[in-house]
Amino acid sequence: MNLLGKKADTFAHGVREHVRLGPKISETVKGKLSLGARILQVGGLEKIFKQLFSFREGEKLLKACQCYLSTSAGPIAGLLFISSEKVVVPLEKIKGVNQSENMKKPSQKYMEIVTVDGFDIWFMGFLNYHKAFKCLQQTISQRLDDVDTF
């Protein structure tokens, strides 16, 4: 029961941090409800992924994470789709992924994707940061293992 309580507390904290990053809590919640309705209307996250991106034969959607893209104009809410072939940018363009946190608020976690051509893409406000990071790290590692075997 203690483990279940800890997971529920972690999830609630993730939701609270996720919603706080938006410009207005009411607008963020309204956007999340709208996104949920669209996901249901289309028939699930995998169908949305297939509609938004050119889907290759054999490609699988591994995870879709609600988060924010960090920009100089402020955070932009959206979904990070992690597939067996691409992560916002093609996997072959990703050099690595790094973790970071706000020094004043350690509960605010950030994820940096570094590309082979020197770009940094920052994501924040994940509902479940640890699962998203683990999935992304495993996907990149698997891609590197596949490349090394050829």
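**Group meeting: cores, a hairpin and the cysteines**

Let's start with Met 111. Leaving aside neighbours within four places in sequence, Met 111 is in contact with Val 97, Asn 98, Ile 121, Trp 122, Phe 123, Phe 126, Tyr 129, Ala 132, Phe 133 and Leu 136. Contact here means heavy atoms within 4.5 Å.

A word on the model. It is predicted, so local features need pLDDT of at least 70 and side-chain atom pairs count only at pLDDT 80 or more, while totals for chains, interfaces and linings use all residues. Residues are numbered from 1 along each chain as its sequence is written, and side-chain values use heavy atoms, with hydrogens and water left out.

Now the core. The largest nonpolar core has 19 residues. Such a core is a set of buried Ala, Val, Leu, Ile, Met, Phe, Trp, Tyr and Cys residues joined through side-chain atoms within 4.5 Å. Buried means under 20% relative accessible area, exposed over 50%, partly exposed in between, with a 1.4 Å probe and protein chains only. Touching the most other members are Leu 80, Val 97, Met 111, Ile 113, Phe 123, Phe 126 and Leu 136. Two or more residues each come from β1 (61-69), β2 (76-83), β5 (94-101), β6 (109-115), β7 (120-124) and α4 (129-148). Helices (H or I, at least four residues) and strands (E, at least two) are DSSP runs, numbered from the N terminus. α4 gives the largest share, six residues. Another core, of five residues, lies apart; among them are Ile 39, Ile 48, Phe 49 and Phe 81.

Which residue in β2 is the bridge partner of Ala 64? That is Phe 81. β1 and β2 pair in the antiparallel sense over eight bridges; pairing takes at least two bridges found by DSSP. Six residues sit between the two strands of this hairpin, and Gly 74 in the turn has a positive phi of about 115°.

Next, Glu 59. This residue is in the loop between α3 (45-52) and β1. Its relative accessibility is 4%, so Glu 59 counts as buried. Leaving aside neighbours within four places, Glu 59 is in contact with Phe 49, Ser 54, Ser 83, Ser 84, Glu 85 and Lys 86.

For Cys 67, the nearest cysteine sulfur, that of Cys 65, is 6.5 Å away. Cys 67 is buried, at 2%. The sulfur of Cys 135 is 6.5 Å from the closest one, in Cys 65, too far for a bond. Cys 135 is also buried, at 12% relative accessibility.

Notes
A disulfide is a pair of cysteine sulfur atoms within 2.5 Å.
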